[in-house]
Amino acid sequence: MVVSSAPGKVYLFGEHAVVYGEPAVPCAIERRATVTVEERDDEALRVHSTDLTLDGFTVEYGGQADDHADVDVPERLVEAAVGYVDSAAAQARDAADRPDAGFDITIESEIPLGAGLGSSAAVVVAGIDAATRELGVELSSREIAQRAYEVEYEVQDGQASRADTFCSAVGGAVRVEGDDCQPIPDVPTLPFVIGYDGGAGDTGELVAGVRRLKEEYPFAADTVETIGDLVRQGERALEAGDLDELGRLMNFNHGLLEALGVSSRSLDEMVWAARESDALGAKLTGAGGGGCVVVLDETEEARTALSYTPGCEETFRAELDTDGVRVEGR
Ligand SMILES: Nc1ncnc2c1ncn2[C@@H]1O[C@H](COP(=O)(O)OP(=O)(O)OP(=O)(O)O)[C@@H](O)[C@H]1O
Ligand SMILES: C[C@@](O)(CCO)CC(=O)[O-]
Ligand SMILES: [Mg+2]
């Protein structure tokens, strides 16, 4: 039995545009998905997730068994979850050259689902790490990132960047532009506050929506390029440790994401509440459509303002996590 964990992330800048080759800067946060993997005697896969909803679910298929046991959550959610886990298991079998290996997989995650904090990438990265180790193979974090990217690419219908998976695998703040993925050394302390509206967006659908908009309106394609310019400027601010400028650029980035149609009323309300509390900057994070905003604020004011915002269900501080994927136990 092997237990591995991997962090979720927020985007300082650049989500969506990164899918089209522009640079992006995601930062790993101290909220983790933990995946326990135990090899089985048969070829089946049994997936148990304790927190997909309050009650969780168990599903077993392949081999002898092919049933959905204790399914107390919508079938659609179970199918989406199984898509990622199934594909992560296939990557582990491939890496270990054990095409017939079966697994019992248990997922425990502190990362809200579909909320822009990279739950899918964290589950896949931790899952590949634990399953390969269980089969006696140790991959580097870059190899895990590559395989996890292949999973997201497959499940998101060929529309995924390397950003979430690379960030979750290596931890810290990273820069991703096309195939080029690099850790960013010496980042200043980034006082992140997260506001969560309790909702979710479907990453695959939101990415497809931006693609359609880009095809229909040339100025939407220009907006994507503008986000790339903004990210390059943001990288200079990050290097200089200029938090005021980072905040201004986050606000600008939110406006551009809003123009691309991936914000929502509750995300906008949280962004405005944070701005009015004099936070340095605020934007949605991840695919959007609902879920989380990330706020840069050194005080507790933004958090208080968010907690009084009708659409906001939960707030928390998010410290940068310098650890990527790691083994928690055997
Ligand atoms: N605890 C979990 N157990 C099982 N599957 C999970 C779990 N957490 C996430 N997933 C899988 O990841 C999917 C959510 O991924 P999606 O990419 O839509 O959102 P996200 O990764 O949370 O946000 P974003 O990609 O915007 O950062 C879920 O539908 C499910 O398939
Ligand atoms: C929207 C997106 O840019 C980030 C989702 O967290 C999609 C991706 O990079 O694959
Ligand atoms: Mg995701």
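Predicted model: local features only at pLDDT ≥ 70, side-chain atom pairs only at ≥ 80, totals over all residues.

User: Which residues are closest to ligand 2?

Analyst: Let's count a residue as near if one of its heavy atoms lies within 4 Å of the ligand. On that basis 13 residues surround ligand 2. The closest are Lys9, His16, Ala160, Ser161 and Asp164.

User: How far is a polar side-chain atom of aspartate 164 from an oxygen atom of ligand 2?

Analyst: Good one to check against the other polar contacts, that is, pairs of N or O atoms within 3.5 Å. Lysine 9 places a polar side-chain atom 3.0 Å from a ligand 2 oxygen, and histidine 16 has a backbone N or O atom at 2.9 Å from an oxygen of ligand 2. For the side chain of aspartate 164, the distance to an oxygen atom of ligand 2 is 2.7 Å.

User: What does the shell around ligand 2 hold by class?

Analyst: Here Ala, Val, Leu, Ile, Met, Phe, Trp, Tyr, Cys and Pro count as nonpolar, Asp, Glu, Lys and Arg as charged, and the others, Gly among them, as polar. The shell around ligand 2 has 6 nonpolar, 4 polar and 3 charged residues.

User: Which backbone atom lies 2.8 Å from an oxygen atom of ligand 1?

Analyst: Ligand 1 has 23 residues around it, with Lys9, Gly114, Gly118, Ser119 and Thr203 coming nearest. A polar backbone atom of glycine 116 is 3.2 Å from a ligand 1 oxygen, and one of alanine 287 is 2.9 Å from an oxygen of ligand 1. The 2.8 Å contact belongs to a backbone N or O atom of glycine 118.

User: Which domains supply at least three residues each to the shell around ligand 2?

Analyst: The bounds come from an automatic or database domain assignment. With these bounds, the shell around ligand 2 draws at least three residues from each of domain 1 (2-184) and domain 2 (192-318).

How values were computed. Residues numbered from 1 in each chain as written. Chains lettered and ligands numbered in written order. Heavy atoms only, no water. Polar contact = N/O pair within 3.5 Å; in protein donor to acceptor, adjacent residues only side chain to side chain.
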